[in-house]
Amino acid sequence: MSDTPKVKGPASYFPSIEKTYGKPIQHWQDLVRQQQGKAHMQIVTLLKTDHGLGHGHANAIVAATLAETKT
């Protein structure tokens with residue numbers, strides 16, 4: 001059995017996102033961080049329409065990135 005905890009939540013999508021779109025998660029999170037003041041779904045729509053991400057992948061990136069700033 002592995003001692004490494006299984007990644008859960010939005011971050012569980014990150015390996016697939018990197019493989020599918022060929023860019024590191026940091027790239028996508030930087031784009032999200034540049035969208036200050038926009039609502040979650042506005043940013044999801046931006047990633048989908050301007051960058052071709054699927055809904056689930058875009059949603060996972062936005063959710064994980066916005067959660068970083070909430071305490």
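This is a predicted model: local features need pLDDT of at least 70, side-chain atom pairs count only at pLDDT 80 or more; totals for chains, interfaces and linings use all residues.
Residues are numbered from 1 along each chain as its sequence is written, and side-chain values use heavy atoms, with hydrogens and water left out.

Let me begin with the overall picture. Taken along the principal axes, the C-alpha atoms of the protein chain fill a box of roughly 45 × 30 × 15 Å. The accessible surface of the chain comes to about 4,900 Å², of which 54% belongs to carbon and sulfur atoms; accessible areas come from the Shrake-Rupley method with a 1.4 Å probe, and for residues only the protein chains shown count as cover. Of the 71 residues, 28% count as buried, and here buried means under 20% relative accessible area, exposed means over 50%, and partly exposed lies in between (1.4 Å probe, protein chains only). If we take contacts between residues at least 6 apart in sequence, 46% of them join residues at least 24 apart, contact meaning heavy atoms within 4.5 Å.

Which residues of α2 are buried? They are Ile-25, Trp-28, Gln-29, Leu-31 and Val-32. These residues cover an arc of only 155° around the axis, which puts them on the same side of α2; the arc is that of the directions from the helix axis to the C-beta atoms. What covers them includes α1 (14–21), α3 (40–51) and α4 (55–69).

Trp-28, found in helix α2, is buried, with a relative accessible area of 3%. Leaving aside its neighbours within four places in sequence, Trp-28 is in contact with Ile-17, Tyr-21, Lys-23, Leu-47, His-51, Leu-53 and Ile-61. Trp-28 and Ala-64 are 36 residues apart in sequence, and their C-alpha atoms are 11 Å apart in space.

Gln-29 is also in helix α2, which covers residues 25–33, and with a relative accessible area of 7% Gln-29 is buried. With neighbours within four places in sequence again left aside, its contacts are Phe-14, Ile-61, Thr-65 and Glu-68. The side chain of Gln-29 makes a polar contact of 3.3 Å with the side chain of Thr-65 and another, at 3.4 Å, with the side chain of Glu-68. A polar contact here is a pair of N or O atoms within 3.5 Å; within protein, one must be able to donate a hydrogen and the other to accept it, and residues adjacent in sequence count only if both atoms are side-chain atoms.

That brings us to helix α4. Its buried residues are His-57, Ala-58, Ala-60, Ile-61, Val-62, Ala-64 and Thr-65, and they pack against α1, α2 and α3. At 1.5 Å a residue, the 15 residues of α4 should span 21 Å, and its end C-alpha atoms are 22 Å apart, which agrees; the expected span is 1.5 Å times one less than the number of residues.

Let me turn to the charged residues. How many salt bridges does a search of the whole structure find? The search finds two, a salt bridge being a side-chain nitrogen of Lys or Arg within 4 Å of a carboxyl oxygen of Asp or Glu. In one, Asp-30 pairs with Arg-33, with the closest N and O atoms 3.2 Å apart; both residues lie in helix α2, three residues apart, about one turn of the helix. In the other, Glu-68 pairs with Arg-33 at 2.8 Å between the closest N and O atoms. This second pair links distant parts of the chain, with Glu-68 in helix α4 and Arg-33 in helix α2, 35 residues apart. Asp-30 is partly exposed at 33% relative accessible area, Arg-33 counts as partly exposed at 36%, and Glu-68 counts as partly exposed at 44%.

Finally, a brief word on helix α1, where Thr-20 has its place. The side chain of Thr-20 reaches the backbone oxygen of Ser-16 at 2.8 Å.

Terms used
Helices (H or I, at least four residues) and strands (E, at least two) are DSSP runs, numbered from the N terminus.
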